Amino acid sequence: MDTAIIHKAVQVLRRDGLVVYPTDTIYGLGADALSEYAIERVYEAKMRPRAMPVSVAVSDCEMLSAIAVVDRAADAFIDRFLPGPVTVVLRAKSCLPEILTGGTGLVGIRFPDHPVALAIIRELDAPITATSANVHGGPDPVTVNDVHVPHDLLIDGGHLPGTPSTVVDLVHRQVLRVGAEIEEVAGFLAEMP
C-alpha cells in the first residue's frame with residue numbers, strides 16, 4: 001500500500017476536503033465525519049436530500065463505541081460481522097454532528113474490511129463519511145470511471161466487488177437494505193435475544 005497517498009488523503013480530510021476511496025464493497029466518498037462543513041460538502045457533491053442520514057466508517061471497535069451507543073446484543077452482532085460488508089445502525093452519541101443523522105438520532109456505521117480505507121481512518125484518527133461516491137440515486141461506483149461526484153482526491157483501488165453493504169438497524173433489529181452477507185445477517189438477527 002502506498003503510504004504517501006494515505007498521508008495525502010488525510011491532509012485533504014483535515015482541510016474539510018472530499019476523498020473518494022475504495023472499500024470492500026464500492027467506492028466511498030469520505031469527509032471528516034466530525035466536521036459539519038465537510039459533511040455539508042458531501043450532501044452537495046451527491047445532491048443528497050438533507051433528511052437522509054449519511055453513514056460513517058471507523059477503523060476499530062473502540063472508535064465505533066466512541067461515536068455510538070453499543071449494548072450487549074449489538075456488541076455480539078458487531079463482533080460477528082465487522083469488519084466486513086455490513087452497515088450497523090445505532091444511536092449516535094453527541095460527539096457526532098446532528099446533520100449526519102438526518103434528525104433521526106441514529107447513525108449508520110461501516111467498519112470496512114479494506115486496507116486503504118482502514119489506513120486512512122487510522123491515520124486521521126477519526127471517523128469519515130462512508131456514503132457511496134455517486135450522485136444520489138445513481139449507480140454504485142465499482143471502478144474509478146464510475147465516479148462522477150466532485151472530490152479533491154481519488155484513490156484508485158481497481159475494480160471493487162460492487163455488492164453494497166447490508167444495512168442493519170440494531171436499535172429496532174431489522175434489515176434496512178439487503179446486500180452482502182444477507183443470509184448470515186438475517187439468521188443472526190433472528191437468533192438475537
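The lining of the largest pocket in this predicted model comprises, by class, 15 nonpolar, 14 polar and 6 charged residues. The volume of this pocket is about 740 Å³. A total of 35 residues line the pocket, and those closest to its centre are Arg48, Pro53, Ser55, Val167 and Arg177. Several strands give two or more residues each to the lining: S2 (27-30), S5 (84-92), S6 (106-111), S8 (131-132), S10 (166-169) and S11 (174-177). Of these, S6 provides the largest share, with 4 residues. In general, rolling a probe the size of a water molecule over the atoms shows where empty space is left.

UniProt, in an unreviewed entry, places the feature "domain: YrdC-like" at residues 3-181. In the model, this span is 28% helix and 23% strand, and its end C-alpha atoms lie 31 Å apart.

**The aromatic cluster**

The structure contains 3 aromatic pairs. In general, such a pair is described by the distance of the ring centres and the angle of the ring planes. Two of the pairs that share Phe188 are set out below.

| Ring pair | Distance of centres | Angle of planes | Arrangement |
|---|---|---|---|
| Phe77 and Phe188 | 5.7 Å | 75° | edge-to-face |
| Phe81 and Phe188 | 5.5 Å | 85° | edge-to-face |

Both pairs count as edge-to-face because the planes stand at 75° in the pair of Phe77 and Phe188 and at 85° in the pair of Phe81 and Phe188, and the cut-off for this class is over 60 degrees. Ring pairs join Phe77, Phe81 and Phe188 into a cluster.

The pairs also link distant parts of the chain. Phe77 belongs to helix H4 (residues 72-81) and Phe188 to helix H6 (residues 182-191), and these two residues are 111 residues apart. Phe81 also lies in helix H4, so its pair with Phe188 in helix H6 ties together parts that are 107 residues apart in sequence.

Phe188 has a value of 23% and is partly exposed, since buried means under 20% and exposed over 50%. A charged side chain accompanies one of these rings: Arg80 lies over the face of Phe81, at 4.3 Å from the ring centre.

**Backbone features in the loops**

In general, most residues other than glycine have a negative phi, and most peptide bonds are trans. Several places in this model depart from that pattern. The peptide bond from Leu82 to Pro83 is cis, with omega near 0°. Pro83 is located in the loop between H4 and S5.

Asp125, which is not a glycine, has a positive phi of about 60°. This residue lies in the loop between helix H5 (115-124) and strand S7 (128-129). With a relative accessibility of 62%, Asp125 counts as exposed.

Arg173 also has a positive phi, near 55°, and is a residue other than glycine. The loop between S10 and S11 holds Arg173. At 35% relative accessibility, Arg173 is classed as partly exposed.

Val178 sits in the loop between S11 and H6. The relative accessible area of Val178 is 59%, which means that this residue is exposed. Along the chain Val178 and Thr166 are 12 residues apart, and their C-alpha atoms are separated by 5.0 Å.

Val19 is part of strand S1 (residues 19-22). Its relative accessibility of 1% places Val19 in the buried class. Between Val19 and Asp32, 13 residues apart along the chain, the separation of the C-alpha atoms is 9.6 Å.

Conventions: Residues are numbered from 1 along each chain as its sequence is written. This is a predicted model: local features need pLDDT of at least 70, side-chain atom pairs count only at pLDDT 80 or more; totals for chains, interfaces and linings use all residues. Side-chain values use heavy atoms; hydrogens and water are left out. UniProt positions are given in the numbering used here, feature names are shortened, and annotations may be inferred rather than shown by experiment. Rings of Phe, Tyr and Trp (its six-membered ring) pair if their centres lie within 6.5 Å; planes under 30 degrees apart count as stacked, over 60 as edge-to-face and the rest as tilted. Buried means under 20% relative accessible area, exposed over 50%, partly exposed in between (1.4 Å probe, protein chains only). A charge sits over a ring if NZ of Lys or CZ of Arg is within 6 Å of the ring centre and within 35 degrees of the ring normal. On a 1 Å grid over the protein atoms alone, a cavity is a set of points where a 1.4 Å probe fits but cannot get out, and a pocket is an open set with protein on both sides within 12 Å along at least five of seven lines; lining residues have an atom within 4 Å of a point. Grid points are joined across faces, edges and corners, and a volume is the space filled by probe spheres set on the points. Ala, Val, Leu, Ile, Met, Phe, Trp, Tyr, Cys and Pro count as nonpolar, Asp, Glu, Lys and Arg as charged, and the others, Gly among them, as polar.
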